[in-house]
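Colleague: Please take a close look at a single part of this model, then relate it to the packing elsewhere. Give the cut-offs as you go.

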Amino acid sequence: GCDSNMNLLRHISFVDCPGHDILMATMLNGVAVMDAALMLISGNEPCPQPQTSEHLAAIDVMQLENIIIIQNKIDLVNEQTAENQYKDILEFVQGTIAEGSPVIPISAQLKYNVDVVVEYLIKKVPIPMRDFESPARMTVIRSFDVNKPGEEVEGLKGGVAGGSITRGVIRVGQTIEFRPGVWGISQKGEVICQPIVTTVQSMHAEKNRLQYAIPGGLIGVGTLIDPSLTRANRLSGQILGAVGTLPAVYVELSVDYFLLRRLIGVKSEGEDGPAKVQKLVKHEFLNLNVGSSVAGGSVLYAKKGRARLALKTPVCTEIGEKIAMSRRIGQSWRLIGWGEITEGVEVTLRTPAHGRDDEHEDEELEN
């Protein structure tokens, strides 16, 4: 029973990805640090909803193989309606990466079958192989300032970065680097990046204080960085890791890409079914998800499944990394395809800034 002693079998962190179509970029950022996905489907709505189709397409793009489908709100419908929707779900995922995934009917409000979801997570989702020996690397998905308004100078704390370690081990007291770090445009119109080097002051996983952290789960890393640099997710999309071991920073990317045949959740006038995805056009502006980074990109060239993209903001990434591409349709960004990075134009990095906002101290940087 609930009053008995329990054994800790696994510690799992959850990344809440919004279902609304206007927040697709946020969802794609979250996928970058996931080992598995719970795909939530409302039992009192037709399946699939446009955002459900789009999320499944994104999961397919990122090749996230461990999926559990949750049929929620079954307390709001009768048995026949729930059974009919169950069949719709199976038909919806047929031929996708989610085919064969378990479908668990639950009521989160009444806590029906929540224990079954936990059991599936523990028994059916394998623990990924982790790399503890390579130099530490962490994907940053958010950053924030923990200081209260009006805090005295003597009591100020450094900025905090939140995310998931993908390899290696990070320890309190370790010197780490953020890339791209601080960036700007020189008087010559060139992109200038200055990585940030700082020291790990503290680490937390939920309310647990850590002395070291390993791959998997979400952690918060307290640093000596000027909190103005971490406020409001300013470091979201950056890569944190051992000094001098992080990937290059790029301002242009060449990709082999693949476009979806149809726009998910968007109907064209005078036609039945979703609208077709149009070809990439030179100079058009796309929203690109590279790891946990969101970067606007202008199409410089696109032909026969290959494209060259000029980025609005520099990204730290590697050759072979997958990217998701979205196009502005009406008021929303819609997923239109994905690609794999084949090469790029690197940014020359400046001497790292040691945890302060050197951006304002260099006359050549113009934001």
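Modeller: Leaving out residues up to four places away in sequence, Gln 85 touches Ile 41, Ser 42, Gly 43, Glu 45, Cys 47 and Gln 71, where contact means heavy atoms within 4.5 Å. This is a predicted model, in which local features need pLDDT of at least 70 and side-chain atom pairs count only at pLDDT 80 or more, while totals for chains, interfaces and linings use all residues. Residues are numbered from 1 along each chain as its sequence is written, and side-chain values use heavy atoms, with hydrogens and water left out.

Gln 85 lies in helix α3 (residues 79-93); helices are DSSP runs of H or I with at least four residues, strands are E runs of at least two, both numbered from the N terminus. With a relative accessible area of 5%, Gln 85 is buried (buried is under 20%, exposed over 50%, partly exposed in between, for a 1.4 Å probe and protein chains only). Its side chain makes a polar contact with the side chain of Gln 71 at 2.8 Å. A polar contact is a pair of N or O atoms within 3.5 Å; within protein, one must be able to donate a hydrogen and the other to accept it, and residues adjacent in sequence count only if both atoms are side-chain atoms.

Elsewhere, Ile 176 in strand β7 (residues 175-185) is also buried, at 0% relative accessibility. Beyond four places in sequence, the contacts of Ile 176 include Ile 196, Val 221 and Leu 240. Ile 176 and Arg 137 are 39 residues apart in sequence and 9.3 Å apart in space, C-alpha to C-alpha.
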